[in-house]
Structure formats: structure tokens, C-alpha cells
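Dear colleague,

Please find the structure we spoke about just below, together with its sequence. My notes on it come after.

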Amino acid sequence: MYLQHSKRICQIIKLKPEHESEYIELHADVWRSVLSALERHNIADYSIHYHKPLRLLIATFKYTGADFEKDMAAIAADPETQRWWKVTDHMQESFQQDATGSGGSVPWWTDVPEVFRFEGRGSQSL
């Protein structure tokens, strides 16, 4: 689905092998309050994929708002999101030197640049 004026984001992080099952089970039923915070702050089409051979979590989402930094700060300030991160962060291993967890001054997940996009018929990217 093409979302007008959207910004696509892709991020990666490692999953600690001892937490694989727990992480996957937790994400099978993400807390409604966390999903609501994402929705309130213009996040759409969010998914996380797992490449087990490299223990790599790959998150993609679309940002549909007008002020990305403001919305990301609002998500980080959300108490339920902070509680979720306390549950999930210890299961992950950041690629960022000096990262201490989600919402910190050093990004926990690593942004990955887009190198190609094709959205099909009617796409503005053609």
C-alpha cells in the first residue's frame, strides 16, 4: 500500500540467541497500548523480520507525519512504550557503540539506508 507523503524506515539489531523464543512469542501479542502509541504518532505498516543465521532483526515501517523527530520523542516519552522497551531491550544487542537502550541519546536500532524502491503501478517513484 502506498501512503502519500510517507517516509520509509528500515532498522536492524541483533537478537540474543537465548531470548529468541521469548522475543518471538512476545511479538505475537504486542501490547495494545504500544501499538496505540505508534499509531498516534504516525507510524504505519510496521513489521519486524528475523534472519536466524545472523540473529538479525530487521524492522521496517512508514512514517506518515510532518515532524519525525517530534513524533519519535513522543513515542520515547510514552510510559507504556518505555515499559515495553524494559522487557525487550535486554533481549537485543545493538550495533551502536555506547548505546544503552531504546530511547537513549545513542540510537539502539541501526538505521539502514534504502538503495531501491519499486511500488508498482501508480507509484510516484517511477
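Predicted model: local features only at pLDDT ≥ 70, side-chain atom pairs only at ≥ 80, totals over all residues.

Residues are numbered from 1 along each chain as its sequence is written, and side-chain values use heavy atoms, with hydrogens and water left out.

In helix H3 (residues 68-77), Phe68, Asp71 and Ile75 are buried, where buried means under 20% relative accessible area, exposed over 50% and partly exposed in between, with a 1.4 Å probe and protein chains only. Helices (H or I, at least four residues) and strands (E, at least two) are DSSP runs, numbered from the N terminus. These three residues lie on the same side of H3, because they cover an arc of only 70° around the axis, the arc being that of the directions from the helix axis to the C-beta atoms. The face turned away from the buried side of H3 carries the exposed residues Glu69, Lys70 and Ala77. The cover over the buried residues of H3 includes strand E1 (7-15), helix H2 (32-40), strand E2 (43-51), strand E3 (56-63) and H4.

Thr81 has its place in helix H4 (residues 79-88) and counts as buried, at 3% relative accessibility. Leaving aside neighbours within four places in sequence, Thr81 is in contact (heavy atoms within 4.5 Å) with Val34, Ala37 and Ile75.

Rings of Phe, Tyr and Trp (its six-membered ring) pair if their centres lie within 6.5 Å, and planes under 30 degrees apart count as stacked, over 60 as edge-to-face and the rest as tilted. By this rule there are three aromatic pairs. One of them, Tyr46 with Phe61, is stacked, at 5.1 Å centre to centre and with 10° between the planes; this pair links distant parts of the chain, with Tyr46 in strand E2 and Phe61 in strand E3, 15 residues apart. Tyr46 is partly exposed, with a relative accessible area of 37%, whereas Phe61 counts as buried at 6%. The rings of Tyr63 and Phe68 have centres 5.1 Å apart and planes at 85°, so this pair is edge-to-face, and both residues are buried.

Finally, Phe116 is found in the segment after strand E5 (110-111) and is exposed, with a relative accessible area of 65%.
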